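Trainee: I've got a new model open and I'd like to learn how to read it feature by feature. Can you walk me through it?

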Amino acid sequence: MEFKSKDFTDSRRVLKIRKLKVGLTGRPNAAPVLNEIDLDIRAGETHCLVGESGSGKSVTSLAVMGLLPKDALEIQGGLIDLEGVEITYAKPSVMRALRARRIAMIFQEPMTALNPVLRVGEQIEEVLNMHTDLSQAEAKKRTLDMMEQVHLPDVDRIYQAFPHQLSGGQRQRIMIAMALILDPDLLIADEPTTALDVTTQLQILRLIAEMQERHGTAVLFITHDMGVVAEIADTVSVMQKGRIVERAPIRDLLTNPQEDYTKKLLMAVPNLAPRAARAPATAKDVIIVKGLDMTYGGGGFLRRSEGVKAARDVNFTIKPGRTLGIVGESGSGKSTVARCIMRLIDPTAGKVSVAGTEIAQLSRRQLQPYRKHLQIVFQDPYRSLNPRWTVARSLCEGPINFGTSKEEAMDKAAELMELVDLPRDALDRYPHQFSGGQRQRIAIARAVAMKPDLLVADEAVSALDVSVQAQVLDLLDDIQDKFGVAMLFITHDLRVAAQICDEVLVMQKGLVVEHGPADEVLSNPRHDYTRTLIEAAPGRHWDFANFRAMERVPALKGATA
Amino acid sequence: MTEIPTSRHSAFQVLTGLFSLPAGARIGIGPMIAAVILLIIVLASVLAPLYVPYNPLSMDALSRLKPPSEAHWLGTDPYGRDTFSRVMTGGRVSLLIGVGAAVVSVAVGLMIGLVAGFFRAADGVIMRIMDSLMAIPAILLAIALVALNGPSLSSVIIAITVPEVPRVVRLVRSVVLSAREEPYVEAAIALGSSMPKILIQHLMPNTFAPLIVQGTYICASAILIEAILSFLGAGVSTEIPTWGNIMAEGRTYFQIKPGLIFWPGLMLSLCILAINLLGDTARDLLDPRMKKREG
C-alpha cells in the first residue's frame, strides 16, 4: 500500500503545542483531561490524532480553536503557538479574528454545523463579509469559485439551496468550502467523515487531500478509524486517556508500532479478509424469508400515492449456527428488513417463516408465542436499555413474559452475566453505570436469555470503539458456538461483515444486488455496486493486525474484467 | 472489561434517578425562599382552625369595619367578621382547590394521554375530543355548573379541571410518542411484553417529570381561577371563605377599607408566585438536557 508520508522537517511550522494541560475548571488537582501534550504540524502536513472515545482528541482541537467550554474545561499550563504567535490564553476577540482567517474547522455532522434557515451560498459568503472588505459582487464570485473547487455540481443552483436539500456529502463539501475560503494555515477536521457512507467518505477524503495540496494547508485530522488514518495521514499521534502515547510517520506506525496500546489498537482493526469458511450446516433452515416487500407511506385516502419502497423482493434463509450479513449504505433498506423480520413493523408483502410457522401476517396477539424465537440487539447501547431499570430487571423481563418464575429468571440472569463476562453483583446496577461496550453485552445477554433461534444484530457494533468492537464480535461468535444460534448481522461496514459472516447479502436502494458466500462476494464481486463498496473501504490494502500489507487484496479479480 | 464504577445507588439516588434529577444539582436562593414562603402559607392555612382568634363566620354587629387593633389584627369586615381569621381560613379552601384541580387533571390527563400516545387508532378520536374541550372557557363552564348544581367545591374543581385536562393529555401524548420510538421499548416488544406492561412499566415513568412541572402550573392557575370565579359570584358559596370570595365581598368597601382586598390578595399573589417559581425550578432540574451533564 502506498502511504502519503514525506519529509516535512524543512517545512514551515504552523502549529506548535508544548506540554499543554487541560483540566476541569477550578479544580487544578483533579486528573487532567489533557496531560502535557506535545504536537507539531507543518505546512502541507496531515497530522492524524487517533484514539478511542474519551482519549482527548476533540478536547485538543477545541483547545487550539479557543473553544473549550469555559465552565467545564480550562487550560492549566503549557503553550499553543500558531505561526510563531502564542495563543494559549488569547482573548476571545483575538481568537475570533484568528478563526476562519488562520484556523478553520470542519465537524462530524454537517447538518447541525450549517444554519438550516439560510441558503448555503449565503452562509459561505457571510465568512467573507465578516472577515474581508470585498464588495458584494466580488464576494459572491469568490464563493461560487470556491464551491467549484470543492467539486459541487451546478453551483448556481446549490448556492440557492438550503442545507436540508443537499446530501450529506454535499453538505460536508459546503463546510469544507466555508472553512477554506479564507485560505487558513491550519484546518482542523474533527471526524469529518464518520457520519457519511463509505463511498462518500472516500470522496471527501480525496477532496481534503486535494485542497491541501492546492493551498498548502496544514491539516489536523481527528478520527477513530485506522483505515481512514492509513488513507490520509502523513504523521500519526496515538492518544490514550489524555496523553499522546506514540507519534510516528504513518508507515513506521503501521509496520513497527512501539507502544503496547498502539499494537492493541491496530490488532483490533478489522480487515476485508473473510473468515475461514465453516462447514455447511446440514440442519433445517431457522428462518426462510421469501419475497419480502416493505413500502412506507403510500395508500392515501382518495388517491393512491406511491410511497417509498424501502425493501423489494428480499429472499434468504439462514441455517442454525450460521451468520448472514446484510450490507449496504444508509437508505439501502437493510434495517427495514431486520425490523420486518422482528415484526417491529409489518411488511407489506412476502413471507417470513420461523420455527415452521409463517409469521409475516400474524396479528400481534397471535405473534406473541413466536417472539421468543427471534431476538434483536440494537446499535445504540445507550438507548436500548431502560435507564430506570436495573440490569436484573431488564434481563428478567423476557423470561418472565414466557412464564418463568421470578427466582428462576434471576438465577438465569446471574448465569448470563457470567456468559457475557460481567460480574454477577453488577445485576442490581443501572445502565448508566456501565460503559458502552458493557451495555452492549447486557443487551446481548437480554436477547440470549430468550434462547432464540435467530439473533438479529442491527449495527450492533457500529457505535463502539474498535477494541470493544472486536471483543463484542468475539462474544457473538462464542454465543453462536455455544448455542448454535443463527445470526442476521446488519452492518454498513464491510470490514466488520468480513469478520463474522458466512454469507453476505448486499443491498442498494431496497434491492438485493448480490448474495453469496462471504468469501465469494468479497473477493469476486459480480455487481458494480459491491465493487464500489469494497474499493471505498478505507485502508483495505493494509492488514493492520499483522502490521503488513494485505497478502491478497480483495476484490480486484473482477475489477478490470 | 469487567471494571465497573464501584458506586452503589443510595435510596436518594434511586429516587432522583426516577425523575432523572442530576445528583448534586444546585438550587439557587430564590427557589429556597419560595419554598419557605409556600411552606409557611400551607401550614398557616391548614392549621388555621387551631389558632385563629375568632370563628371566621361569626358576625358582630357592634364591630363592623373596624380598623386593625389588638383585638382584630387586620380589622373587621362589613359584618363584623375578623379579617385575619377569614384570610387564614380562606387559604384552606383555595389551596384545596389548587391541589385538587392539579391532581384530578394530571390523573385523568395521564390516563387519556397514555392511550392516545400508544394506540394509533384511538389517537385521532381522542385528540379531536380534547381539541373541542379546550375550546370551552373555564368561566362559562363554571357559571353553567353553578347554575345547575348550585355553588359547591366540586363544581369549581370540575370547571377548572375540564379545560386543563387536554393540556395534560397533549403533554403526555407527546412524551409517549417520542419514548415509544426508543430502542428499549422495541426491545420490550421483541421480548414479548404485553401492551399494558410496556405502557405502564416502560412508557409511563417518562411522563412523571414533565407532569410534576405541569401540575404546579395547574395548581397556581386553579387558585387564580377560583378567585376570578368567586369574584364573579360563580365560585364556592360565601359561607365557606376563600381568598377569592373574601376579595369579592370586600370589593364594595374598597374605597374605605382597602385591607379587605389587600390581605387576601397578598396571600394569593405570594402563594402563586412561590408555586410558579418552584415549578420553574423543577422544570430546570428535570430537563433532560441537564441530565446529560452527568453522563
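This is a predicted model: local features need pLDDT of at least 70, side-chain atom pairs count only at pLDDT 80 or more; totals for chains, interfaces and linings use all residues.

Trainee: Okay, strand 3 of chain A: how many of its residues are buried?

Mentor: For burial, you count C-beta neighbours: 20 or more others within 10 Å makes a residue buried. In strand 3 of chain A, residues 46–51, that holds for 6 of the 6 residues, so the strand is largely enclosed by the rest of the structure.

Trainee: And which residues sit on each of its faces?

Mentor: On one side you have A:Thr46, A:Cys48 and A:Val50, and on the other A:His47, A:Leu49 and A:Gly51. They are all buried, which leaves both faces covered.

Trainee: Which strands does strand 3 of chain A pair with?

Mentor: Strand 8 of chain A (residues 218–223) pairs with strand 3 in the parallel sense, over 5 bridges. In that pairing, A:His47 has A:Leu220 as its bridge partner. Strand 9 of chain A (residues 235–240) also runs parallel to strand 3 and is joined to it by 5 bridges. There, A:Leu49 is partnered by A:Ser237.

Trainee: Zooming out, what are the domains of chain A?

Mentor: The domain assignment gives domain 1 as 13–266 and domain 2 as 287–549. Their centres, taken over C-alpha atoms, are 34 Å apart. The contact between them takes 21 residues from domain 1 and 17 residues from domain 2.

Trainee: Which elements of domain 1 of chain A supply two or more residues to the side touching domain 2?

Mentor: Helices 8 (198–215), 9 (226–232), 10 (250–255) and 11 (260–267) of chain A. Helix 9 gives the most, with 5 residues. Sorted by class, that side of domain 1 has 9 nonpolar, 7 polar and 5 charged residues.

Trainee: What does the record say about chain A?

Mentor: An unreviewed UniProt entry carries the annotation "domain: ABC transporter" for residues 17–266 and 289–534 of chain A. Over residues 17–266, the chain is 42% helix and 25% strand, with the end C-alpha atoms 26 Å apart.

Trainee: Now the hydrophobic side of things. Which residues have the most contacts inside the largest nonpolar core?

Mentor: A core is built by linking buried nonpolar residues through their C-beta atoms. The largest one here has 226 residues, and those with the most contacts inside it are A:Ala177, A:Leu186, A:Leu454, A:Val456 and A:Leu488. This core draws at least three residues from each of domain 1 and domain 2 of chain A. As for A:Ala177, leaving aside residues up to four places away in sequence, it touches A:Ile124, A:Met146, A:Met147 and A:Val150.

Trainee: On to chain B. How many helices and strands does it have?

Mentor: 12 helices and 0 strands. Of its 295 residues, 41% count as buried.

Note on methods. Residues are numbered from 1 along each chain as its sequence is written. Chains are lettered from A and ligands numbered from 1 in the order in which they are written. A residue is buried if 20 or more other C-beta atoms lie within 10 Å of its own, exposed if 12 or fewer, and partly exposed in between; C-beta atoms are placed from the backbone. Helices (H or I, at least four residues) and strands (E, at least two) are DSSP runs, numbered from the N terminus. Two strands pair if DSSP finds at least two bridges between them. Domain bounds come from an automatic or database domain assignment. Two residues are in contact if their C-beta atoms, placed from the backbone, lie within 7 Å. Ala, Val, Leu, Ile, Met, Phe, Trp, Tyr, Cys and Pro count as nonpolar, Asp, Glu, Lys and Arg as charged, and the others, Gly among them, as polar. UniProt positions are given in the numbering used here, feature names are shortened, and annotations may be inferred rather than shown by experiment. A nonpolar core is a set of buried Ala, Val, Leu, Ile, Met, Phe, Trp, Tyr and Cys residues joined through C-beta atoms within 7 Å.
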